[in-house]
Amino acid sequence: MTTPSPLVFITGASSGIGQALAASFSDAGYRLALVARRTGEIESWAKARQLSADRYQVYSADVAQTDSIVAAGAACIAQQGLPDVVIANAGISVGIDTAQREDLDVLAQTFATNNVGLAATFHPFVEAMRKRGSGRLVGIASVAAIRGLPGHGAYCASKAGVVAYCESLRGELHNSGVKVVTLCPGYIDTPLTQGNRYGMPFLMKAEDFAAQALRAIEAGTSYRVIPWQMGVVAKIMRMLPNAVLDRAVQGRARKKRSGEA
């Protein structure tokens, strides 16, 4: 009896990091369970790569809607089996100004997508992986989790939440055989970052990030900043006294708010 190829479940797979991860895992021999709201873009990508129908399945879901992403996870298990790797990659990044009432709704939407959506992505698989005694649950955080930056309150807070949540889940699953992996990308060249109006040191191609992420995930690494240079920057930022950090970020361009040209 032929052993099926390993399976990876990836949210936000229609572009950017998610699409790059799909390519890396496909090249490594994995079957793909690809999740996004824009499923047509995934189908176009799969056709361009000439993926055979038995190598991938596309699921339409909005991670900000808990029942939607939970249903996609259940459908994956029913149609393709229990994944070996689940990557909660889908996320949004929008600038906010707390003085503006409408930005409170942006904050709520960011948390719904980046935090509740991450937990809901993992939910269908946790107990089944625990019973099997193996699996990888991967949370895509960001170096923005390290320190809060002006105008980035929603994104920084949500990604700090991803780090803390994954750390908690890792403790819960200790000795179960299920590994929880937290990845913190630095600046990755994707549609999410191309509109940024500030310098992005050590900017990395999405495919280069995905190649390093694949190795970290397969190794079961608990926490990794990619690229490593941003890991050094993150450690320095973490150690900076508040007064020094506050002076350093004064005048720094802010992330665009919702609807801002």
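Is Y59 buried or exposed? I started my notebook there, working from a predicted model.

**Entry 1: Y59**

I looked up the accessibility first. Y59 has a relative accessible area of 6%. The cut-off for buried is under 20%, so Y59 is buried. I placed Y59 in strand β3. Next I listed what Y59 touches, not counting residues up to four places away in sequence. The list holds A33, L34, V35, A36, T39, A72, A75, C76, Q79 and Q80. I also checked one distance, C-alpha to C-alpha. Y59 and D208 are 26 Å apart in space. In sequence, Y59 and D208 are 149 residues apart.

**Entry 2: helix α2**

Which residues of α2 are buried? I took α2 as residues 39–48 and found I42, W45 and A46. Looking down the axis of α2, I saw that these buried residues fall within an arc of 100 degrees, so they line one face of the helix. An α-helix has 3.6 residues a turn, so residues three or four places apart point the same way. I then turned to the other side of α2, where K47 and A48 are exposed.

What do the buried residues of α2 pack against? I noted α1 (16–27), β2 (31–36) and β3 (56–60). Strand β3 is also the place of Y59 from my opening entry.

**Entry 3: two positive phi values**

After α2 I came to Q50, whose phi is positive. The value is about 60 degrees, and Q50 is not a glycine. I placed Q50 in the loop between α2 and β3. Q50 is exposed, at a relative accessible area of 72%.

N175 lies in the loop between α5 and β6. At 72% relative accessibility, N175 counts as exposed.

**Entry 4: α3 against α4**

I took α3 as residues 66–80 and α4 as residues 101–132. Their axes come within 8 Å. The crossing angle is roughly 30 degrees. That makes α3 roughly parallel to α4. I recorded the handedness of the α3 and α4 crossing as right-handed.

Which residues make the contact? From α3 I wrote down T66, I69, V70, G73, A74 and I77. From α4 I wrote down V116, A120, T121, H123, P124 and F125. I sorted the residues of this α3 and α4 contact by type: 8 are nonpolar, 4 are polar and none is charged.

**Entry 5: α1 against α6**

I turned to α1 and α6 (residues 206–219), whose axes come within 8 Å and cross at roughly 60 degrees. That makes α1 oblique to α6. The crossing of α1 past α6 is right-handed.

On the α1 side I listed G16, I17, A20, L21, S24 and F25. On the α6 side they meet A206, E207, F209, A210, A211, A213, L214 and I217. How do the residues of the α1 contact with α6 divide? I found 11 nonpolar, 2 polar and 1 charged.

**Entry 6: T182**

I found T182 in strand β6, residues 178–185. Its relative accessible area is 1%, and T182 is buried. I left aside neighbours within four places in sequence when I looked up its contacts. T182 is in contact with G139, A141, V163, C166, T221, S222, Y223 and R224.

**Entry 7: L149**

Where does L149 lie? I found L149 in the loop between β5 (135–140) and α5 (153–172). At 15% relative accessibility, L149 counts as buried. Leaving aside neighbours within four places in sequence, I listed C156, M237, V249 and R252 as its contacts. I checked R252 again by C-alpha distance. L149 and R252 are separated by 8.9 Å. Along the chain they are 103 residues apart.

**Entry 8: a cis peptide bond**

Which peptide bond is cis? I noted the bond from I226 to P227, with omega near 0 degrees. P227 has its place in the loop between β9 (223–226) and α7 (228–239).

How values were computed. Residues numbered from 1 in each chain as written. Predicted model: local features only at pLDDT ≥ 70, side-chain atom pairs only at ≥ 80, totals over all residues. Heavy atoms only, no water. Axes fitted to C-alpha atoms, helices over the stretch in contact; angles between N-to-C directions. Helix = DSSP H or I, 4+ residues; strand = E, 2+ residues; numbered from the N terminus. Parallel < 35°, antiparallel > 145°, perpendicular 65-115°, else oblique. Left-handed = near helix turned anticlockwise from the far one by under 90°. Contact = heavy atoms within 4.5 Å. Nonpolar A, V, L, I, M, F, W, Y, C, P; charged D, E, K, R; others polar. Buried < 20%, exposed > 50% of the residue type's maximum accessible area, 1.4 Å probe, protein only. Arc of directions from axis to C-beta.
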